[in-house]
Amino acid sequence: MGEHIVIIGNGIAGITCARYLRKLNHQTQITVVGGETEHFFSRTALMYVYMGHMKFEHTKPYEDWFWKKNNINLVFDWVTKIDTESNQLALKNSTKLNYDKLVLATGSKPNKFGWPGENLHGVQGLYSVQDLELMEKNTANIKKAVVVGGGLIGVEMAEMLHSRGIKVDYLIREDNFWGNVLPKVDGDFIANHLKNDHEINLHFNTELEFIGGDSKQNVTSVFTSHGNEIKCDFVGLTVGVSPNIELVKQTKIETKLGVLVNKKFETNIENIYAIGDCAEFTNPVKGRKPIEQVWYTGRIMGETLAKILCGKNVEYNPGPWFNSAKFFDIEYQTYGVVPNKLEPNQNEFIWKDEKNRRLIHLVFEQETEKFLGINSFGIRLRHEIFDAWLTKGKTINYCLAHFEDANFDPEFYKAFSYDFVDAFNKKFGKSIKVKRKSWLRILNPLAS
Amino acid sequence: MKHLKTIGLVLFLLGLITFVSSLFVGSFSIKQSELNTLLNENEKQNLLESFQTEIADKNFASAFEFTNKITSVFSAKNEELKTLQQWDKVMWNSPQEFALPIVKSAAQGSIKNNKTFWLLITIGLCCFGGLIFILPDLNLYKTKGVKNENVFKSSIKSQGIVGIITGAFLISFYILLYWFPSYIVSWVLIVDPISELLSGNPASQWFLYGLLYTLIMLVMGIRMLIKYRGNKYQIFRTISVMFFQTAFAFLIPEILVRLNQPYMDFKNIWPLDYDFFFQWNLDQLIASGGIGIFMLVWGILLFAIAVPVFTYFYGKRWYCSWVCGCGGLAETMGDPFRQLSNKTLKAWKIERISIHSVLVFAVLMTIATLYSYFSGEYQILGVETSSIQKTYGFLIGSAFAGVVGTGFYPLMGNRMWCRFGCPLAGYIGIIQKFKSKFRITTNGGQCISCGNCSTYCEMGIDVRWYAQRGQNIVRSSCVGCGVCSAVCPRGVLKLENGSEIKRVNDNPILIGDKNIQVIHETF
Ligand SMILES: Cc1cc2nc3c(=O)[nH]c(=O)nc-3n(C[C@H](O)[C@H](O)[C@H](O)COP(=O)(O)OP(=O)(O)OC[C@H]3O[C@@H](n4cnc5c(N)ncnc54)[C@H](O)[C@@H]3O)c2cc1C
Ligand code: SF4
Ligand code: SF4
């Protein structure tokens, strides 16, 4: 028997770690404890279950036999206490569990800010399967809903409600959609889509004051910072998430917002590590945030930690930032960094095709013309190409000239790059010519 | 707009009800003189006597009663001849096949006299209602995104009670069509006017089937075009299957018949076209002179040259999602059911055994057929060639391809036949897997494992399994429908014909983690 590694949390971070541990080492004893669901599922797909695109079954990336076959022991239960002295976990329904090494991958929980009325019936966030079940109940046969918080989960919730014919009022604190991430042009572009194509009622620069209910403790309306009352039967609170560290707080493990770790995911206690949404880097990787709450980073952290636990000398070393989302019908991808407000030494180029709901937003260094990042709406782009361009520090000229290599839209798509490179040339007095797509370059993006 | 859809649905259902009811309309009686013209010499000798007393000039209330009468007389006579060992007099056709022309010409009443009217209030009304149901979607959904809302809340699309009823209806239709055609004589009568217009001949049950098939593909093709109108790949390939069905499978063969040429569907390829090398077909082609020889050569070139070459450049999809009639029906009428395919590893295992067994069966049957053709022997290794052919025709040609293949759409998804049964798909799949430029490229690290792709893959491929590990999808069963790519919310999948190098990446790298490259170097 090898050492016993116990992972708390069967989300993407914990499960990826378990899978790679097993891949790299056949001896280790691996146990994953998760209280939310018996088997790993894709949190990102919760909305599709609500909308009827899928059944819950479909959100499970691995068939149920997979875990046993790979000798990964699953415990469907909640950890109630960590005893760092005796290396022991107390569980809610089962007997205690001893570990040699412990991995914390407990994810996040939705924020609540102590608003009056936030505990009324019909007021909720969306994070877990249980939240989804509750939402199913809370939204049965209702007509009007308010969503609070202009971020990714908020817009998903708006889409979910809209798909059931529920009228949505959407309160957004900033003056543009997802304002702490998207530049105003991009945010407005999405806001227009929500307003014009899907009749979502957006209220910018508006905060929630309190939530009103009736004598049965059911929500009846929200009151905004402008003193307006909006009648509703449901309130979705999606004002961000924060690390889920209740469990850890009672221990000697150091925390701030999340569980504090170094780039090897080590906490202050020797044999305890943290990954995924719940981890907070004391010294984040340059250009990255201390807490990263996305699917991809959870996956990368899980894989990296598995290697570390198997004795490989690596640390968290993500490549250039990337992410993606979908706002109703508009797909969004981003590579590199497009700040919501330009830094002094940066310049940008924006190309918009309102009719076809497409937008490209490029940012580059003013002097060196080094390409820094792109937001793309309605156009799919090749990750590998952008990763190579960013890694090698290509110039904006190079990227635009080779843009056709990077297009990832389904076949027979219209090649837009000719249009927007024209516009770019006009704006900046350049004469970049778009080259034809080349398989040679696509397959060896780091070569040229 | 929603109301218009409801009206469309009501009209469609009315059409369907009239269509089914028409089977019970009319009475049947046949004159002695008509019987004389319908029976051949042997049949006359065998049956005319009993027919005179039991059938001629009598009135029967329904096609079922009348058919049963004819088939019982027919079978009784055959039994008698067999016990007497009068083998030269035994009639070898099936009683149902035998009955169909008699029942058809015996039909009396409203349908026989107003075929066009009945055509309009049955099939016509169904098409019209269907279109009224479908077209408002253009207006209902302003944006071009794929809408799969409430698929798993709809009874018909998620194996609910309506789905089961629909499946039962389709299965019954195929059973009647293949084995009891004279029960559905009203339907054959209804489409007579169109058949006469095209080929000059009255309709057979096969014409009925071809017409329904084509109309369903056209109406449901329009639905497909609207649903995926934001995606040019989907638009082009849907138009393509609609075209090939209408022109190649339906119109051209009928016109050939009108011109006294052999019936041929120029896009049907052996071994899907399993009777291509059957004696009757070869004889007919060779007897038709130049054009027949051309057809023969064409048929051979298709499977020997066109399939490998096109598959090398474009993958299986060039046929299965752009040309094939079975594929065409699956992609149009079958689209609402694509999510019902089984994605388990177990299903994949069964699929590989089953499709390749059918391929082997088809090849062996064809070898036996050709052996008999050239040697003149009726048997090969002690087995009668004709019984091998009959078994294949019954089990694979009718039961699998028809009853299971289409009847099970609402029960087990729309590509049951293509996935588990089609020998041509088996053959093309082997080429696609080992020698092709086609792959579905996975977009670096962008997959969020949501599962939309796997859910909507009609071939039951667990696309997500590959996508989430950054691996390209190279699977023999992938028909390249492109729907996984269309429904992916993160732009992760792209069907493309690239270079063979780096097509299969067995050790995929999930982009976004710089460590992985480091590790690769140290290996
Ligand atoms: C609705 C929604 C949509 C999203 N969409 C996207 C997207 O499109 N793209 C993207 O990049 N990110 C998305 N995210 C964010 C992404 O899902 C998270 O970043 C990711 O799931 C975090 O993974 P994790 O493994 O760190 O934690 P989690 O997925 O939260 O997993 C942690 C698990 O541990 C369990 N757990 C916690 N404490 C205990 C305990 N004491 N005992 C036992 N079990 C415990 C939790 O119940 C949970 O199941 C979305 C999130 C939500 C809520
Ligand atoms: S649909 Fe796209 S994001 Fe979802 S699992 Fe499939 S490839 Fe991944
Ligand atoms: S993998 Fe994609 S393209 Fe291939 S059959 Fe499945 S859904 Fe269609």
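Mentor: A polar contact is a pair of N or O atoms within 3.5 Å; within protein, one must be able to donate a hydrogen and the other to accept it, and residues adjacent in sequence count only if both atoms are side-chain atoms. This is a predicted model, in which local features need pLDDT of at least 70, side-chain atom pairs count only at pLDDT 80 or more, and totals for chains, interfaces and linings use all residues. Residues are numbered from 1 along each chain as its sequence is written, chains are lettered from A and ligands numbered from 1 in the order in which they are written, and side-chain values use heavy atoms, with hydrogens and water left out.

Trainee: Which polar side-chain atom lies 2.5 Å from an oxygen atom of ligand 1?

Mentor: Ligand 1 lies between chains A and B. A polar backbone atom of Gly35(A) is 3.1 Å from a nitrogen atom of the ligand, and a polar side-chain atom of Arg43(A) is 2.9 Å from one of its oxygen atoms. The 2.5 Å contact to an oxygen atom is made by a polar side-chain atom of Glu36(A).

Trainee: How much of ligand 1 does the protein bury?

Mentor: Accessible areas come from the Shrake-Rupley method with a 1.4 Å probe. Taken alone, ligand 1 exposes 990 Å². Of that area, the protein buries 95%.

Trainee: Which elements give two or more residues to the shell around ligand 2?

Mentor: Ligand 2 has 13 residues around it, of which Cys447(B), Cys450(B), Gly451(B), Cys453(B) and Cys488(B) come nearest. Helices are DSSP runs (H or I, at least four residues), as are strands (E, at least two), numbered from the N terminus. The elements are α23 (452–456) and α24 (463–467) of chain B.

Trainee: Which residue does a cis peptide bond join to Trp270(B)?

Mentor: The omega of this bond is about 5 degrees.

Trainee: Which residue has a positive phi of about 65 degrees although it is not a glycine?

Mentor: The residue is found in the loop between β18 (259–261) and β19 (272–274) of chain A. With this positive phi, the residue is Phe265(A).

Definitions and conventions. A residue is near a molecule or strand if one of its heavy atoms lies within 4 Å of it.
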